[in-house]
Structures are given as C-alpha cells and as structure tokens.
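Here is a friendly walk through one protein model, written for someone who likes to know the cut-offs behind each term. Please have the structure open as you read.

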Amino acid sequence: MEGSVSTLTSPVISPVTTAHIDPLSSAVLPEVSAAAADPQGPVPAPRAPAASMVRPVVSLIIPTKNEASNIAWVLENVPDRVDEVMLVDGRSTDATVVTAQSCRPDVRVITQEGVGKGDALRTGFRAARGDIIVMIDADGSMAPSEIAHYVHFLENGYDFVKGSRFIGGGGSRDISPTRRLGNAVLVHVVNRLYDAHLTDLCYGFCAFHRRYLDYLGVSTPGFEVEAKMIVSALKSGLRIAEVPSLEMPRRFGRSNLRTFRDGARVLRTVLREHDSGISGHAIQQVRSKVHPPSLDSSAALSSAPRP
Ligand SMILES: Nc1nc2c(ncn2[C@@H]2O[C@H](COP(=O)(O)OP(=O)(O)O)[C@@H](O)[C@H]2O)c(=O)[nH]1
Ligand SMILES: [Mg+2]
C-alpha cells in the first residue's frame, strides 16, 4: 500500500478541469435567487426531476483473452449498481465465454473483430447502452467493489474518473519494479506536456460519461489505450478525478503486456498527441542516431552544386 488515508472525499482534480462550472450549482442557484426576489409570486409549476436525480444506467466493459480461471471471481463481485455487464472477448481459446455465461446468464458477449485490448474496449464502448461506462480487467487484479467510487464521482460533477495506485488509499501488489519506474516516467511526461497533476497512467480501471466517448479518441489497438484516453480527456478539458485503487496480483495466468514494447507504444502515443510536433522531432532524433547518414550521401550532399 502506498498510503493509508482515503482521498475518496477529495479527489485529485486535473488543473485544466477546475475552470468548469459545477453543473449542480448552476442547476440550483437560479431557482433559489428567483424565489428570494419575489416571495409572494405565483407558486411555480412542478418541474421534471433535475438531471442529477435521475439514476444513470451503468455499463461495465470487460476485455477478456483467456481468462477462464479469473472471470468468475470478477463477475461474482460486480455490485448491483451495475446494470449491464459486457464481455468483449479476443477469441479466447479457453472456456472464458462459457464460464462467464454460466456464472452470469445476463452477460452480453461480443467477439472483437480486431486484435488488442484497445480494439476490444472500442468495440465494447460502442455497443454499451449505459449513460456511464466503466472499464475493468478480467484477471482479478481490480476489485469490482471499487466501481461504486467511480460512479459516485461521475454522479457528482466529474466527467472522467480514473483509478490511481499511487495516492493515499491506493496501492499495487502486482506491479514490477521495472513497470513502476516506467509508469512513473510516463506520468511525469504527461504532467509536463499537458500541465496536469496525475499520479498514475498505465492503469486500466477507468469510468466516464458515455456522452464524452467521441472525445476520448479510443482509436489505438493495444495497451496504450488508457494513456490515449487520459491524454484525450486532458486535451478536451474534461473534469478528471483520480480515485485510489488497490491493484492485486492477477489471480491466475500471465500478463499479455510486454513491458518495453508496450511502454514504448505508450510514450509514442503521449508524444504524438501533443500539438508541438514533439513526436516527429523525437523520432527523427532517434532515427538519425540509429541510422546515421552514410558517408556517400553526405558526400553527395556536400558536393551538390549550390543554387
Ligand atoms: N479482448 C481482449 N482482451 C485482452 C487482450 N489483451 C489483453 N486483454 C485483456 O485485458 C486485460 C488486461 O490484460 P493483462 O494481460 O492482465 O495486462 P496487464 O494487466 O497490463 O498486465 C485482461 O482482462 C485481458 O484478458 C486482447 O487482445 N483482446
Ligand atoms: Mg493484469
């Protein structure tokens, strides 16, 4: 555990989000001031319930690839607040789908057409029917009971809520030293480039209002998908909350992620999204180091006639 004090009542808010007007206060204040100005005025007609009183429908999207030993535990722990559970399966060769269906007969199962976790999530998000979409892994490393915290913040004015293993109340019993270091570097890069104060990046427990789906740019196929969504949320000015999350070890089986390959993909994604063209610059620098211009071509250049 990284700390012991829960920050659930005081989420970490990205600085770009603080300029937002709280939708709850803007809904309530005009009504109060009108009544105060004319206390003898006509009794107002009954109004439809405020949007904040309508209980949003919650969809849970679970990408699966050979998680037969883990999926039952995840599904058994899904809280009642979740209305729709959807599995997006990456052509598992084990009994993932049958196990899920026997454990939870109302589960919706979709087989992804492409490959990769990002592709699976995109498929699931598009098919989801809920107002709130929550994404969680199928390997038992994330506790479904935490979903209530994510939904709570979405119901109270936030647009995008992400789990963090590195704020008080969160932690990881799964992350290797190499991944911890890589994640810390990537968080730093994102915070510097996008003027944010995040504490975690490569963690797939997130939730958001479905109305923002088109702003999250879920177009990357692999494990870089979470970084892409977070950077897109920052760029779109969404109000982001981080909630503490405890990552447990995957219950059975091995991770599909390859630390260096996927870490590089996350870095490329983070740089590419930045408006400065920093990605192209960085790639050219690396290329010229790896493949320095040959003597022949530089000689040809130097001997070329000047215009
Ligand atoms: N549908 C689908 N799910 C995937 C794919 N790759 C990984 N997953 C799922 O994505 C989640 C996270 O994968 P995992 O291997 O645990 O990666 P890690 O948590 O980053 O180590 C798990 O639920 C996997 O079953 C894929 O290609 N397709
Ligand atoms: Mg995992």
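## Strands, core and confidence

Strand β5 (residues 132–135) and strand β8 (residues 206–209) run antiparallel and are joined by four bridges. Strands here, like helices, are DSSP runs (E, at least two residues, for strands; H or I, at least four, for helices), numbered from the N terminus, and two strands pair if DSSP finds at least two bridges between them. Strand β8 also runs antiparallel to strand β6 (residues 160–164), with three bridges joining them.

A word on the ground rules: this is a predicted model, in which local features need pLDDT of at least 70 and side-chain atom pairs count only at pLDDT 80 or more, while totals for chains, interfaces and linings use all residues. Residues are numbered from 1 along each chain as its sequence is written, and chains are lettered from A and ligands numbered from 1 in the order in which they are written.

Strand β2 (residues 58–64) is joined to β3 by six bridges, and the chain gets from β2 to β3 through helix α2 (residues 71–76) in a right-handed β-α-β crossover. Right-handed means that, with the strands pointing away from the viewer, the path from the first strand over the helix to the second runs clockwise. Four parallel bridges pair β3 with strand β4 (residues 108–111), and β3, helix α3 (residues 96–103) and β4 form a right-handed β-α-β unit. Strand β3 is largely enclosed by the rest of the structure, because five of its six residues are buried. A residue is buried if 20 or more other C-beta atoms, placed from the backbone, lie within 10 Å of its own, exposed if 12 or fewer, and partly exposed in between.

Some residue pairs to pick out in the viewer:

| Residue | Partner | Strand of the partner |
|---|---|---|
| P63 | V88 | β3 |
| V88 | I110 | β4 |

Which residues have the most contacts inside the largest nonpolar core? They are I61, I133, V134, Y150, V161 and A207, in a core of 59 residues. Such a core is a set of buried Ala, Val, Leu, Ile, Met, Phe, Trp, Tyr and Cys residues joined through C-beta atoms within 7 Å. Helix α7 (residues 225–235) gives the largest share of this core, seven residues. Beyond its neighbours within four places in sequence, A207 is in contact (C-beta atoms, placed from the backbone, within 7 Å) with I132, I133, V134, Y150, V151, L154 and V161.

R91, in the loop between β3 and α3, has a positive phi of about 50° although it is not a glycine. R91 counts as partly exposed because it has 13 C-beta neighbours inside 10 Å. D195, in the loop between α6 (177–194) and β8, has a positive phi near 55°. D195 is exposed, with 11 other C-beta atoms within 10 Å.

Overall, the protein has 10 helices and 10 strands, and 37% of its 307 residues count as buried. Its average pLDDT (the predictor's confidence in each residue, from 0 to 100) is 83, and 74% of the residues score at least 70. For residues 1–10 and residues 14–39, pLDDT stays under 50. Where pLDDT is low, the predicted coordinates should not be read in detail.

Conventions: Two residues are in contact if their C-beta atoms, placed from the backbone, lie within 7 Å.
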